[in-house]
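Here is a short briefing on strand pairing and helix packing. Keep the structure open beside the text.

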Amino acid sequence: SADMQSDYESDPPLDDEKSLEKVSTLNGAVSQLASDFDRDSNLCLERFSRTRRASVISTGSLKLDLALGIGGLPKGRMVEIFGKESSGKTTLALHVIKEAQKNGGYCAYIDAENAFNTSFAEEIGVDIDKLLIAQPDSAENSLSIVNTLVGGSIDVVVVDSVRTKRSSDASSGIYKEVTCGGNALGFYSAIRMRTSRRKLHYSEDEATGISIAVQIIKNKLVPACLKEAGLNIGFGKGICHESEILEMASTHGVIVKEGSGYWINGDFLPGKEEAEKFLLENDAVADDICSTMRSQLFET
């Protein structure tokens, strides 16, 4: 394209004929790539320097966003979330959709197992009316749908799910979790996260939720480091963000802790339970605190 050629043709005149020939050959190769592959082969270094800071979508958990190191999941990249059954994979994916929709984004959900729970998604905060939902009858159709959607204006495409199985190393006898489809998915993913259940939460002998650990085992966006975030999930409610907002905002001085109580938005709450209830019932206040926290943690 003309844009790509201009990066090279604007160079100062070269006296050396061999160097001039090399530049001419390079311009021809770039033009050929642009003709054959359109913008997918844009070789402009300036373009990549402008996009070094990844554009992200929050996971819905400040703890996990912090563990990821960039404030969320990167746009335009593949992310794999795997783990055993009922370990929070779908819940986490729905929270990502919710966060994308809050910022005006469009999302799609590929329900490969025909198990999408509309009521649960709405309880989490997903706008079902603005969510594209597909229930393909084969893996090939799933891939075709994804290929079509990612070329448009979709911010998030969730494919639920890729089955996890146990595999053993014959030499050592150690078992590990692997996803179907060979090694390709793991290699292509910019981020890989493993979810696992930790314990059940009870209220008056009734199970009300679970604690999960999300281990980041691969992250191409930040220097290599295995990090883990502990999240609480309420049954039928999703991630209990009010508890981690209170914990992290108190640590960073956004919420003032005084004795066993907390000052939030000019109101004094006498205990942790009252403070969490206040944040749960006042979404606007919780969102403001989250925005302040994100500015401190990820935009400095």
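Met193 stands opposite Ile216 in strand 10. The model is predicted.

**Strand 9 and strand 10**
- Strand 9 covers residues 191-203 and strand 10 covers residues 206-219.
- The two strands pair in the antiparallel sense, over 12 bridges.
- Thr195 has Val214 as its bridge partner in strand 10.
- The hairpin of strand 9 and strand 10 has two residues between the strands.
- In this hairpin, Glu204 takes a positive phi near 55°.

**Strand 3 and strand 9**
- Strand 3 pairs with strand 9 in the parallel sense.
- Five bridges join strand 3 and strand 9.
- Val79 stands opposite Ile191 in strand 9.

- In general, strands of a sheet pair through backbone hydrogen bonds, either parallel or antiparallel.

**Helix 9 against helix 11**
- Helix 9 spans residues 241-251, and helix 11 spans residues 283-298.
- They pack at an angle of about 50°, with their axes 11 Å apart.
- From helix 9, the contact takes in Ile245, Met248 and Ala249.
- From helix 11, Ala286, Ile289, Cys290, Met293 and Leu297 meet them.
- By class, the contact of helix 9 with helix 11 has eight nonpolar, no polar and no charged residues.

**Helix 10 against helix 11**
- Helix 10 covers residues 272-281.
- Helix 10 and helix 11 pack at an angle of about 100°, and their axes are 5 Å apart.
- Angles of 65 to 115 degrees count as roughly perpendicular, and helix 10 and helix 11 are therefore roughly perpendicular to each other.
- Helix 10 makes the contact with Phe278, Leu279, Leu280 and Glu281.
- Helix 11 makes the contact with Asp283, Val285, Ala286 and Ile289.
- By class, the contact of helix 10 with helix 11 has six nonpolar, no polar and two charged residues.

How values were computed: Residues are numbered from 1 along each chain as its sequence is written. This is a predicted model: local features need pLDDT of at least 70, side-chain atom pairs count only at pLDDT 80 or more; totals for chains, interfaces and linings use all residues. Side-chain values use heavy atoms; hydrogens and water are left out. Axes are lines fitted to C-alpha atoms, for helices over the stretch in contact, and angles run from 0 to 180 degrees between N-to-C directions. Helices (H or I, at least four residues) and strands (E, at least two) are DSSP runs, numbered from the N terminus. Contact means heavy atoms within 4.5 Å. Ala, Val, Leu, Ile, Met, Phe, Trp, Tyr, Cys and Pro count as nonpolar, Asp, Glu, Lys and Arg as charged, and the others, Gly among them, as polar. Two strands pair if DSSP finds at least two bridges between them. Angles under 35 degrees count as roughly parallel, over 145 as roughly antiparallel, 65 to 115 as roughly perpendicular and the rest as oblique.
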